[in-house]
Amino acid sequence: IEPGEGHYEYDGKTYLEGPIFSELLEEEMPVQIWTGSLMANLEEKKLPERDKNWKNALIVAVRQDKAHVAYLASPHDTEETVEKNVTVDRIRIILGADDSVPDTLEEARLMAMGGEEKCTD
């Protein structure tokens, strides 16, 4: 993972992109799930006007390159929606969101690469 790859900042928060940082996903981790168009590409999902399509969620289970995710589909819901087999391109992690999420980009990069800096020279 290159230093500038797989993350972006918006509204004072740093978001880690699911396809790059999927190795970090674990049960009970807070994430956000994309609930907008499945045809939207990664760049569209980053647009400020599309931020309303991201919902706060919790990882229920991780299955290879997919996850089961629980979230409230609308603010009025009292029961969580559990969506199974969510692809990582529909998940983003907020840096430092809680104890299960790295606090720094460097820590997130190292964890995603298995805990070691790999020399590319």
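**The sheet**

I started with the strands: seven of them make an open sheet in the order β1-β2-β7-β3-β4-β5-β6, and the pairing is antiparallel. At the edges I find β1 (7–10) and β6 (81–87), each of which pairs on one side only. From one strand to the next the twist averages 40°. For that angle, axes are lines fitted to C-alpha atoms (for helices over the stretch in contact), and angles run from 0 to 180 degrees between N-to-C directions.

Ground rules for myself: this is a predicted model, in which local features need pLDDT of at least 70 and side-chain atom pairs count only at pLDDT 80 or more, while totals for chains, interfaces and linings use all residues. Residues are numbered from 1 along each chain as its sequence is written, and side-chain values use heavy atoms, with hydrogens and water left out.

Terms, too: helices (H or I, at least four residues) and strands (E, at least two) are DSSP runs numbered from the N terminus. Two strands pair if DSSP finds at least two bridges between them.

**Whole chain**

I counted three helices and seven strands. Along the sequence they come as β-β-α-β-α-β-β-β-β-α. How does the radius of gyration agree with that of a compact globule? With 121 residues, such a globule would be near 14 Å, and the chain has 14 Å, so the two agree. (The radius is taken over C-alpha atoms, and the globule rule is 2.2 Å times the number of residues to the power 0.38.) Along the principal axes, the C-alpha atoms fill a box of roughly 50 × 30 × 25 Å.

I also checked burial: 37% of the 121 residues count as buried. Buried means under 20% relative accessible area, exposed over 50%, and partly exposed in between, with a 1.4 Å probe and protein chains only. Then contacts, meaning heavy atoms within 4.5 Å: of those between residues at least 6 apart in sequence, 51% join residues at least 24 apart.

**β1, β2 and the turn**

β1 and β2 run antiparallel and are joined by four bridges. Y10 has K13 in β2 as its bridge partner. The two strands form a hairpin with two residues between them. On its other pairing, β2 (residues 13–17) meets β7 (residues 91–94) antiparallel over three bridges, with L16 opposite I93 in β7.

Most residues other than glycine have a negative phi. D11 is in the loop between β1 and β2. Buried or exposed, this D11? D11 counts as exposed, because its relative accessibility is 66%.

E28 is another such entry, with a positive phi near 70°. I found E28 in the loop between α1 (18–21) and β3 (30–34). At 56% relative accessibility, E28 counts as exposed.

**Helix α3**

Which residues of α3 (residues 105–112) are buried? I got A108, R109 and A112. Looking down the axis of α3, these fall within an arc of 100°, so they line one face of the helix. (That arc is the one of the directions from the helix axis to the C-beta atoms.) What covers them includes β2 and α1. After α3 comes G114, with a positive phi near 90°.

**Q32**

Q32 sits in strand β3. Q32 counts as buried because its relative accessibility is 8%. What do its side-chain polar contacts reach? I found N56 at 2.8 Å and R92 at 2.7 Å. A polar contact is a pair of N or O atoms within 3.5 Å; within protein, one must be able to donate a hydrogen and the other to accept it, and residues adjacent in sequence count only if both atoms are side-chain atoms. Beyond its neighbours within four places in sequence, Q32 touches residues including Y15, W54, A57 and I94.

**P102**

Last stop: P102, in the loop between β7 and α3. P102 counts as buried, at 2% relative accessibility. Leaving aside neighbours within four places in sequence, its contacts are L24, L95, G96, E107, A108 and M111. I also noted P30, 72 residues away along the chain from P102, with 12 Å between their C-alpha atoms.
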